[in-house]
Amino acid sequence: MKRWLFFVLVVAFYFLHQDYWFWFSAEPLVFGILPVGLFYHAAYSVAVAVLMWGLIRFAWPDHLEDESGQRVSSGEKSS
């Protein structure tokens, strides 16, 4: 379930990166000074950073962190 959720989120964020809806307009201004497209990309960058944190925290393979080079099963840790 976790893998599918992250897969769907990555694909969704890929399509959300293509922001054709704000391509030709600078209005409305966010906070009175920031064009809406720039604000969208700033918010998008924060959201992608959170997604990457989630991918690393919950979907990172355990065997990559084993310093001995041997595979570690998902339930046990090497000492």
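Rings of Phe, Tyr and Trp (its six-membered ring) are paired here if their centres lie within 6.5 Å; planes under 30 degrees apart count as stacked, over 60 as edge-to-face, and the rest as tilted. By this rule the structure holds 6 aromatic pairs.

## Basis of the model

This is a predicted model, in which local features need pLDDT of at least 70 and side-chain atom pairs count only at pLDDT 80 or more, while totals for chains, interfaces and linings use all residues. Residues are numbered from 1 along each chain as its sequence is written, and side-chain values use heavy atoms, with hydrogens and water left out.

## Overall layout

The chain contains 2 helices and 2 strands, and their order along the sequence is α-β-β-α. Helices (H or I, at least four residues) and strands (E, at least two) are DSSP runs, numbered from the N terminus. Helix α1 covers residues 2–17, and helix α2 covers residues 36–59. The strands are β1 (29–30) and β2 (34–35).

Of the 79 residues, 15% count as buried. Buried means under 20% relative accessible area, exposed over 50%, and partly exposed in between (1.4 Å probe, protein chains only). The chain exposes about 6900 Å², and carbon and sulfur atoms supply 68% of that area. Accessible areas come from the Shrake-Rupley method with a 1.4 Å probe; for residues, only the protein chains shown count as cover. A contact means heavy atoms within 4.5 Å. Among contacts with a separation of 6 or more, 43% involve residues 24 or more positions apart.

## The nonpolar core

In soluble globular proteins, nonpolar side chains tend to be buried together. The largest nonpolar core in this chain has 5 residues: Phe-6, Phe-13, Tyr-40, Tyr-44 and Leu-51. Such a core is a set of buried Ala, Val, Leu, Ile, Met, Phe, Trp, Tyr and Cys residues joined through side-chain atoms within 4.5 Å. The largest share of this core, 3 residues, comes from α2, and α1 and α2 each supply at least two.

Phe-13 is a member of this core. Leaving aside neighbours within four places in sequence, Phe-13 is in contact with Tyr-44, Ala-47, Val-48 and Leu-51. Ala-47 is found in helix α2 and counts as partly exposed, at 28% relative accessibility. Between Ala-47 and Phe-13 there are 34 residues of sequence separation, and their C-alpha atoms are 8.8 Å apart in space.

## Aromatic pairs

A pair of aromatic rings is described by the distance of the centres and the angle of the planes. Among the 6 aromatic pairs, the one formed by Phe-13 and Tyr-44 is tilted, with 5.9 Å centre to centre and 45° between the planes. Phe-13 lies in helix α1 and Tyr-44 in helix α2, so this pair ties together parts that are 31 residues apart in sequence. Phe-13 counts as buried at 16% relative accessibility, and Tyr-44 counts as buried at 14%.

Tyr-14 and Phe-15 form an edge-to-face pair, with 5.5 Å centre to centre and 75° between the planes. Both Tyr-14 and Phe-15 are exposed. Ring pairs also link Phe-13, Tyr-40 and Tyr-44 into a cluster.

## The surface patch

Trp-4, Phe-7, Val-8, Val-11, Tyr-14 and Phe-15 form a nonpolar patch on the surface, with about 710 Å² of accessible area together. Patches are made of residues with over 30% relative accessible area and no salt bridge; like charges are joined within 9 Å, and nonpolar side chains (Val, Leu, Ile, Met, Phe, Trp, Tyr) within 5 Å. A salt bridge is a side-chain nitrogen of Lys or Arg within 4 Å of a carboxyl oxygen of Asp or Glu. Phe-15 belongs to helix α1 and is exposed, with a relative accessible area of 54%.

## The strands and their loop

Phe-31 sits in the loop between β1 and β2. The phi angle of Phe-31 is near 60°, a positive value in a residue other than glycine. At 71% relative accessibility, Phe-31 counts as exposed.

Leu-34 lies in strand β2 and is partly exposed, with a relative accessible area of 24%. Apart from neighbours within four places in sequence, Leu-34 is in contact with Pro-28, Leu-29 and Phe-39.
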